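These are my notes from an afternoon of looking things up in one structure. I went strand by strand, then turned to the core and the charged pairs.

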Amino acid sequence: TIVMVGLAVLAALYMLWVVRRAIVTPVAAAAGTARRLAAGDYSAVARVPGEDECAELGTAMADLCDQLLDRQRAVLGAFRVRAGLDLASSCVVVADTSDCVVYVNAAARTLLTAALPGASIDGGTLGTLLERADERSVSADGQHERLRLRYGTRILDVTVSRITDASGAALGRVTEWVDRTAELEAQREVAAVIQAASAGDFAGRVPEAGKQGYWLELARSVN
């Protein structure tokens, strides 16, 4: 009788261990994973061995953590790119597949506000910004479209490029804007002085006011 009782106790303990290993431990691990997800911790989760429902639950939770971690990395990467563009001196405007403007960095906002007073930049379309030019010339090299646009007295060069994913599907367009007004004006002023000098008139001077860098040095050397 004592032997039978002992065997029964051992069998009960064994069944308890089996149940704990097969059900309690995986469910506890899944609950812990859920708490970590709720706290924003998407780090790797140990997968539960086995092929039963509890193991499948643990595997599903681990897969979910992997996916959330990948998305977190992608979001952080996009944030770094956006933060970098916000500080860049280049003027960048991005539009989605519907041509709606979804991003304008600080430099581009300053330039477009000066070139297009009163224009609706946020929520508008890239096409509208380009079409408001008084004059335009276009060239293309297959991957990029290059525009020279005149808005009143201001001349802007715009490079338009398609954004695609790894499979080549279109995601939108990105544009880089460069103000060429001062540069082109300096070129005209220098050309006029040189042309006058070639005709014997050496009284011409290139105005230095408003010029910087190369064009200021060129004006001084010509004068």
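**Entry 1: strand β1 and its partners**

I started with the pairing of β1 and β6: five bridges join the two strands, which run antiparallel. This is a predicted model, so I read every value here as computed from it.

I then looked at the pairing with β2. Three bridges join β1 to β2, and this pair is antiparallel too. Here Val-93 stands opposite Val-104 in β2. The hairpin of β1 and β2 has five residues between the strands, and in it Asp-99 takes a positive phi near 75°.

How many of the residues of β1 are buried? I counted five of its five, so the strand is mostly covered, with under 20% relative accessible area as the cut-off for buried. Next I checked which way they point. Cys-91, Val-93 and Ala-95 point one way, Val-92 and Val-94 point the other way, and all are buried.

**Entry 2: the whole sheet**

I wrote down the strand order next. Six strands form an open sheet in the order β2-β1-β6-β5-β4-β3, with antiparallel pairing. Which strands stand at the edges? They are β2 (101–104) and β3; each has a single partner strand, so one side of each is left without a neighbour in the sheet. Neighbouring strands are turned by 20° against each other on average, direction ignored.

Further along the sheet, I found eight bridges joining β4 to β5 (residues 154–164), and these two run antiparallel. Glu-145 has Val-160 in β5 as its bridge partner. I also looked for a helix on the sheet. Helix α3 packs on it and touches β1 (91–95), β2, β4, β5 and β6. The direction of α3 makes about 90° with that of β1.

**Entry 3: Thr-175**

Is Thr-175 buried or exposed? Its relative accessibility is 1%, so Thr-175 counts as buried. The side chain of Thr-175 makes a polar contact with the side chain of Trp-177, at 2.9 Å. Leaving aside neighbours within four places in sequence, I listed the contacts of Thr-175, among them Cys-91, Val-92 and Val-93, and also Val-158, Thr-159 and Val-160.

**Entry 4: the nonpolar core**

The largest nonpolar core has 24 residues. Those with the most contacts inside it are Val-93, Leu-130, Leu-149, Tyr-151, Val-158 and Trp-177. Where do its residues come from? I noted that β1, β2, α3, α4, β4 and β5 each supply at least two. Helix α3 gives the most, with five residues.

Not counting residues up to four places away in sequence, Leu-149 touches Leu-130, Val-158 and Trp-177, among others. Its contacts also include Glu-135 and Arg-136. As a general remark, in soluble globular proteins nonpolar side chains tend to be buried together.

**Entry 5: salt bridges**

I found 10 salt bridges in the structure. One of them is between Arg-109 and Asp-122, with the closest N and O atoms 2.9 Å apart. This pair links distant parts of the chain: Arg-109 is in helix α3 (residues 106–115), Asp-122 is in the loop between α3 and α4 (126–131), and they are 13 residues apart. With a relative accessibility of 31%, Arg-109 counts as partly exposed.

Arg-150 took two lines in my notebook. It meets Asp-134 in a salt bridge of 3.9 Å, N to O. Asp-134 sits in the loop between α4 and β3 (135–140), while Arg-150 belongs to strand β4 (residues 144–151), 16 residues apart. Because its relative accessibility is 26%, Arg-150 counts as partly exposed. Arg-150 also meets Glu-135 in a salt bridge, at 3.3 Å, N to O. That pair links strand β4 with strand β3, and the two residues are 15 residues apart. Glu-135 is partly exposed, with a relative accessible area of 47%.

Technical notes:
Residues are numbered from 1 along each chain as its sequence is written. This is a predicted model: local features need pLDDT of at least 70, side-chain atom pairs count only at pLDDT 80 or more; totals for chains, interfaces and linings use all residues. Side-chain values use heavy atoms; hydrogens and water are left out. Buried means under 20% relative accessible area, exposed over 50%, partly exposed in between (1.4 Å probe, protein chains only). A polar contact is a pair of N or O atoms within 3.5 Å; within protein, one must be able to donate a hydrogen and the other to accept it, and residues adjacent in sequence count only if both atoms are side-chain atoms. Contact means heavy atoms within 4.5 Å. A salt bridge is a side-chain nitrogen of Lys or Arg within 4 Å of a carboxyl oxygen of Asp or Glu. Helices (H or I, at least four residues) and strands (E, at least two) are DSSP runs, numbered from the N terminus. Two strands pair if DSSP finds at least two bridges between them. Axes are lines fitted to C-alpha atoms, for helices over the stretch in contact, and angles run from 0 to 180 degrees between N-to-C directions. A nonpolar core is a set of buried Ala, Val, Leu, Ile, Met, Phe, Trp, Tyr and Cys residues joined through side-chain atoms within 4.5 Å.
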